[in-house]
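Colleague: Could you take me on a close look at the cavities in this structure? I am new to this, so please go step by step.

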Amino acid sequence: TCAEMAAVPLGFNIDAPRWDQSTFVGRLKHFFNITDPRTVLVPEEELDRAKALVEGCRAGLMPPGSSQEQLIYAKKLYDSAFHPDSGEKMNLIGRMSFQVPGGMALTGCMLQFYRTVPAVVFWQWVNQSFNAIVNYTNRNAASPISLRQIGVAYITATGTALATAVGLNLYTKRAPPLLARWVPFAAVAAANCVNIPMMRQQEIISGVTVTDRDNNELGHSRRAAAKGIAQVVVSRITMAAPGMIILPIIMERLEKFPFMQRIRVLHGPLQVLLCGGFLLFMVPAACALFPQRCSLALADLELELRDSIMAKHGDKVPYVYFNKGL
C-alpha cells in the first residue's frame, strides 16, 4: 500500500540515462548494460518485480529500504526485457539480450555448413525466422502490423536470403575457397535490407510519432520512419559483419594445421564460440552507432507536417525526436 511505500530520493530520475546518450561511448556503455546476455537467465517473477519497482519509482514511490543500486539494477532488467514504447514484456528470442546466445549459435552454423545447398537453405531459413522474431519484437510499437504483413515480410526476406546464398554458392564453386565462406554474410546483409523495412512497413505507410524535446507529440512522419529504419538496417549489418567477415579468414588459416584436420568434429563448436566473442562486443557497438532517440531537422519533414508545426510553435521546434527501434 502507499502508506508502506517510501518516497524516491530527491533528484533521482529512474528514466534518466546513466551515460551521456549524445556520445558513442555513452551509448556503448548503455547497450553493454541492457544487452547483457546474463539477463536472459533472470526468472520471470524477478522481471515482473523489476517492472513494478520501475513503475513505482516513476510514480515517486518505492519499497522502504530500497537502495539506489537496487533501483538501477531493476531498470537494467526492465530495459532488457520490456518494450520501450509499450512497456509490454518482450518474448525471450526477440530481446537484444538474447542476440549473443541466439546469434552465435546461428552464425556459427551458417559459417560452418556453407558447402552444400540443402545446408545453406536450412540455416538461412532458421536465421531469417530468428531475424523476423527480433525485428517484430523491436519495432516501434506505436505502429501496429497485421499478420498478413508479417507473413509477406517473412517470406520476402527468407526468399531474398535463400536466393542470394544459393545463387552465390553456385557462383563461387570455382572461386577461391575464402569467397565461398563469405557467402553467408552476403545473404544476411541482403536479407536485412528486405526484412527490416518489410517487418516495419506500417511505420513507412503511416509514419512514426514525432515529439519535441520535451516529449510533446507533434504528429506522424514517414520521413522520420524511413530514417530510423535505414539506421537499424546499417546497425544490424554492422552487428554481423566482423564475425562473418573475419572469422572465415581465421578458420581458413586454422584448418591448414594438421591438428585442426584431426579434430574436424570440433570446428562447428569452435566457430560458435568465436562468433560469441565477436557478438559480445558487436551487439552493443552496433546498437550504439546511432542515438536511440533519433532526431530529424524540421526542414527535412513532410511539407504539411512542417507547416502544422510552424503554425503552432513558430520556430521554437528546430528538431523533432522519435524512437528509431532497435
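**Inside the cavities**

Modeller: Happy to! This is a predicted model, and it holds four cavities of 30 Å³ or more. Let us begin with the largest cavity, which has a volume of about 220 Å³. There are 16 residues lining this space, and those closest to its centre are Gln 99, Asn 127, Asn 131, Met 239 and Ala 240. Now look at which parts of the chain supply the lining. Two or more residues each come from helix H4 (99-112), helix H5 (117-137), helix H8 (183-199) and helix H10 (222-254). Among these contributors, H4 gives the most, with five residues.

Next comes the second largest cavity, where about 60 Å³ of space lies. To find it on your screen, select the residues that line it: Met 110, Phe 113, Tyr 114, Ala 119, Val 120, Trp 123, Gln 124, Ala 165, Asn 169, Val 183 and Pro 184. The elements giving two or more residues to this lining are H5, helix H6 (147-171) and H8. Here H5 gives the most, with four residues. The lining of the second largest cavity has nine nonpolar residues, two polar and no charged.

Conventions
Residues are numbered from 1 along each chain as its sequence is written. This is a predicted model: local features need pLDDT of at least 70, side-chain atom pairs count only at pLDDT 80 or more; totals for chains, interfaces and linings use all residues. Side-chain values use heavy atoms; hydrogens and water are left out. On a 1 Å grid over the protein atoms alone, a cavity is a set of points where a 1.4 Å probe fits but cannot get out, and a pocket is an open set with protein on both sides within 12 Å along at least five of seven lines; lining residues have an atom within 4 Å of a point. Grid points are joined across faces, edges and corners, and a volume is the space filled by probe spheres set on the points. Ala, Val, Leu, Ile, Met, Phe, Trp, Tyr, Cys and Pro count as nonpolar, Asp, Glu, Lys and Arg as charged, and the others, Gly among them, as polar.
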